[in-house]
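Morning, everyone. I have one structure to go through today, and I will keep to what the coordinates show. Please have the sequence and the model open.

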Amino acid sequence: MKFLIVLVIVLVIVALAQLMKVYELSSKLRNKDEADVTLGETKFNAGMLLVFYLTLMISSTWMFFHYGPRPGLEISASEHGNDIDFLYDANWIILLTVFYLTQTLLFVFAIKYQKKKGRKAVFFAHSTKLELVWTIIPAVTLAGIIIGGLLVWNKITTPVENAEVIEIYAQQFGWNARYAGEDNTLGNSDFKVIETNNPLGVVTSALIDTKEKLWKEEIEKIEKQIKEEGELTPDDKLEEMVEKVERLKRQIIRLEPLRRAQTPETDLAANDDVIVKELYLVKGKDYEFKFRSRDVIHSALFPHFRAQMNCVPGMETRFTFKPTISTAEMRKMPEVIAQYEKTNEKRVVQGKEEVEFNYVLLCNKICGSSHYNMQMNIVVVDTQEEFDTWYAEQKKSKTFPILVGLEEPAKEEDKTEETIVETVMDSTAVAQVQ
Amino acid sequence: MGAHTHEEGHHHHESFITKYLFSQDHKMISKQFLITAMVMGIVAVILSVLFRLQIAWPNEQFEAMKFFLGDSYLSEDGLLKPDRYLAIVTIHGTIMVFFVLTGGLSGTFSNLLIPLQIGARDMASGLLNMLSFWLFFLSSVIMIYSLMVESGPASAGWTVYPPLSILEKAIPGSGTGMTLWLLSMTLFIASSLLGALNYIVTILNLRTIGMKMTRLPLTIWAFFVTAILGVLSFPVLVSAVLLLLMDKSFGTSFYLSDIFIGGEALDASGGSPILYQHLFWFLGHPEVYIVLLPALGITSEIVSTNARKPIFGYRAMIGSILAIGFLSFIVWGHHMFITGMNPFIGGIFVFTTLLIAIPSAVKAFNYITTLWKGNIHYTPAMLFSIGLVSTFITGGLTGIILADATLDIPVHDTYFVVAHFHIVMGLSAIFGMFAGVYHWFPKMYGRLMNKKLGYAHFWLTLVSGYGVFFPMHFVGLAGAPRRYYSNTEFAFLDHIQDLNEVITIFAIIGGIAQLIFFYNFFHSMYHGRVTTQNPWRSNTLEWTTPVKPIHGNWPGALPVVHRWPYDYSNPDHEDDFVPQDVPLKEGEHSH
Ligand code: HEM
Ligand SMILES: [Cu+2]
Ligand SMILES: [Cu+2]
């Protein structure tokens, strides 16, 4: 293969060199001026321009019809998505008209006014009238485009009241989602308390205490180790240990602001949060998504819902949308059936498993080696009941220890807040120890 | 003054070193820029073909990968590693935008044409000019070298957004590779600034007698505004880059906050990654016009000469260059609609961005009107210029979609954006560069490039260029994100894989077609037909210099300018061109 590549390149160069020699000899014989475009060359290039122009027009038209303005995403699954699609269609009509018109003028003139013996170009250096025309026409068209665009933009970006809050938290290379629970309020969260069991760094007062206790113990342990075996450890190891102690101390200090921000209300808000790996939405409900990231910038792209928002470390961003078509309904749409039939036909040939339509969330900001495979499945259900069944199941899962023992905090009215917090601390401590 | 330089022109004895290496002659420096940029261009084209192979056939091994990249880029199963995929995408973008289209395009043609077309002996400062080239050369070497470091070159995309570009734990390329990237870019910016200052001063101060600003060829106007954009925007990039370097190496946190990576929480707090984006795009948007304006300037000159007609609306052309230059500083936010910026501010950026389309439209229409009732000579340079206008229209129109924040939501960071900017930069601006090379080759080497090969090169490039970037719009509209190692993980993207294969095939054809150009270039350098003094029968001053380039450009006194540069087919004259140094006839009015 390597050899082949080199061979082909060498051959091409040799062939070119031979051609050039022949060409040069013959043109020398005819004593031609290389700068002058001959009649033959003019005819050839005019013909090529025509062929190219026709090909461009025909193939672009064919592509617009064949693929359409949103291939594979024909149907918007969100309410505002319909506005966006409409705006797209309106813009495409304007822009395609301009495209066909200007390309046609360009190529027609370029072909029609090819060099001819005896032709002298017209000395036409400027015309205020014409120039005004093509300043004003684009200006007016653009004014229309701007107004249309901004109307929809303002509509989309205005927060919706009483939307259900869901947090999307990005990390290399996956997504977590957090439902805000019955109170529709997310508990505080902070990257400093992230751990495997608490991937979003949800904060409770109890957790802060536990963390502090654990870190202090660790400091003690390392300091003791330094004291006892310090002389025997190699320098770089020792340095590492000292550094670690310092970092832990800093971390403890940095817990302070978290503690101050914590109130009984925020503890409660955190306690009913539910963290999931798959997103369930109810058709027809408004959702307010809040986005954060723990490491680098990611971007949450929901192609079927015409939604996208960056997830930026150290910052919260938001986006609202209302799903209007459930997954089940979408699977019955003729466009979708057709697309997935074709897709599966090919997948079978390639020996891949067949797939069904699903909504997805993907990462759309370069974020590292597995950027291309950072996804979360989204299911839109038709009814609140379907959602509730799934949600109850999620709440039961014991993956997230700060929630353990507190599946239904709202019902435990007899318990005082302190006891709730205590339970949280216990369970966290248990998780820490294992 | 004339006599003094006259002598210099003839009795100056030069060694190889002062003539070819440390030359201070603007014509030699121009050629040095061009050849360096061509070499960089080859590297970037090869990289692009390699990652296109990966996108089209993600599960196949290619010998070409091993041949060009070596084993360190491949995983055990012989496939390109995902992070190295991002690495070559990053270096491809960096080289093309900065080294080929900024350094290469401005460096070559500003240097060659500014003194020649304004009637000056040389640049205002030959020394700074030489320094500008050598900094450029050094930064090129560092950039290429970074491809070979063990942990890989910078991999965070050509925009190197932090935190990805800062954290080695996030991607290996953000280690040594990124440091080299920053170093190279800093040198590059220094080179650009030296160059740009020199161009501005030269244009303002060294115009020959009669060369009023309103008689400057549009090439010079374009270079002038480009240089101003560079001087105003590159320093902002320097600060962005330096802050990035500090975050990376000295523990500051301008761009970092709330980061948990590799199992631990970093100390950094209070910084904002978005700050970097503002700084970057404050340069980045003017930068796209730094890339495009010289190409447009070159085209204005070539279209007018080869249509044998005055450029239509000379003053409107200057006005639109100035308007584009000004507006390009207040639109950067359109790259950041999805960062969670305040929607009201987003709306303002929509407005300013769409304003830019107006002067752009004026330019396009003026080119088209220049062709109308012309007498068009299809030189390769002319064909490339026609190609430039066609692609400028196509790419400008998709810009209007992207400028509309609402419409940007679904396509931001998808292949739709990639298609947009490649059509305006990868085709339009590159076509301008090719056009310039074919047109001014005689002024560089005293010989002509072969026309037949030029035609082959043009047609293959135009067809494959459209073949690559036109279908790409649909890949983006289907929702395919850019910078994906492969689209196989998402079944909803399966149906556009055919399109991806088509694109790659065109990319390979396009890549190979460039061999014709290289062959033609180097062959003609030594064996091309010797040119006459004014082969294109053009009006501008460079064609009044002797065929064999000399120091000081004109053997005698500097030419005196009597008219604007676009007196083609002037009915008062018999010839269809009237060079700028021809005095007005009795009763004739200068334009
Ligand atoms: C009518 C004129 C133009 C308009 C309205 C326009 C608008 C835009 C917008 C809004 C974006 C951001 C898209 C996104 O990231 O979602 C963009 C991207 C871009 N444009 Fe344009 N553009 C125009 C012309 C040009 C020209 C002439 C060039 C260069 C010669 C250019 C080069 C670029 C580049 C390089 C990017 C992408 C940068 C990146 O994200 O990597 N554009 N354009
Ligand atoms: Cu990501
Ligand atoms: Cu821009």
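Salt bridges come first: a search over all chains finds 39 of them in the whole structure. Bear in mind that this is a predicted model.

I will begin with a pair that involves both chains. B:Lys451 and A:Glu41 form a salt bridge, with their closest N and O atoms 2.6 Å apart. That pair crosses between chains: B:Lys451 belongs to helix H15 of chain B, residues 451-477, and A:Glu41 to helix H2 of chain A, residues 39-67. Are these two residues buried or exposed? Both B:Lys451 and A:Glu41 are buried.

Next, a pair within chain A. A:Arg292 and A:Glu167 meet through their side chains in a salt bridge, 2.5 Å from N to O. A:Arg292 sits in strand S5 of chain A, residues 287-293, and A:Glu167 in strand S1 of chain A, so this pair ties together parts that are 125 residues apart in sequence. A:Arg292 and A:Glu167 are buried as well.

A further salt bridge joins the side chains of A:Glu288 and A:Lys290, at 3.8 Å from N to O. The cut-off for a salt bridge is 4 Å, so the pair counts. A:Glu288 is buried, and A:Lys290 is too.

There is also a network of salt bridges, which links A:Asp209, A:Glu212, A:Lys216, A:Glu256 and A:Arg259. As background, side chains of opposite charge can pair when their charged atoms come close.

On the surface, A:Asp235, A:Asp236, A:Glu239, A:Glu240, A:Glu243 and A:Glu246 gather in a patch of negative charge. Take A:Glu240 from that group: this residue lies in helix H6 of chain A, residues 235-261. Its relative accessible area is 55%, and the cut-off for exposed is over 50%, so A:Glu240 is exposed.

Let me turn to the strands of chain A, and to S2 in particular.

Which strands does S2 pair with? Strand S1 of chain A, residues 164-171, pairs with S2 in the antiparallel sense over 6 bridges. Within that pairing, A:Gln171 has A:Gly174 in S2 as its bridge partner.

A hairpin through 2 residues joins S1 to S2. A:Phe173 is located in this loop between S1 and S2 of chain A. A cis peptide bond joins A:Gln172 and A:Phe173, with omega at about -5°.

That brings me to the backbone. Most residues other than glycine have a negative phi, and most peptide bonds are trans. Chain B has a cis peptide bond between B:Pro162 and B:Pro163, with omega at about 0°. B:Pro163 is in the loop between helix H6 (126-146) and H7 of chain B.

Positive phi values come next. B:Lys373 is not a glycine, yet its phi is positive, about 55°. This residue lies in the loop between helix H11 (343-371) and helix H12 (380-403) of chain B. B:Lys373 counts as partly exposed because its relative accessibility is 35%. B:Asp413 is not a glycine either and has a positive phi of about 65°. Its place is the loop between helix H13 (405-411) and helix H14 (415-445) of chain B. At 4% relative accessibility, B:Asp413 counts as buried.

The last item is a nonpolar patch on the surface of chain B. B:Met246, B:Phe250, B:Phe254 and B:Leu275 make this patch, with an area of about 370 Å². B:Phe250 is placed in the loop between helix H8 (218-249) and strand S1 (260-261) of chain B. Its relative accessibility is 60%, so B:Phe250 counts as exposed.

Terms used: Residues numbered from 1 in each chain as written. Chains lettered and ligands numbered in written order. Predicted model: local features only at pLDDT ≥ 70, side-chain atom pairs only at ≥ 80, totals over all residues. Heavy atoms only, no water. Patch = residues over 30% accessible without salt bridge, like charges linked within 9 Å, V, L, I, M, F, W, Y side chains within 5 Å. Areas by Shrake-Rupley, 256 points an atom, 1.4 Å probe, with all protein chains shown as cover. Lys, Arg positive; Asp, Glu negative; His and termini not counted. Charge placed at Lys NZ, Arg CZ, Asp CG, Glu CD. Helix = DSSP H or I, 4+ residues; strand = E, 2+ residues; numbered from the N terminus. Buried < 20%, exposed > 50% of the residue type's maximum accessible area, 1.4 Å probe, protein only. Pairing = 2+ DSSP bridges.
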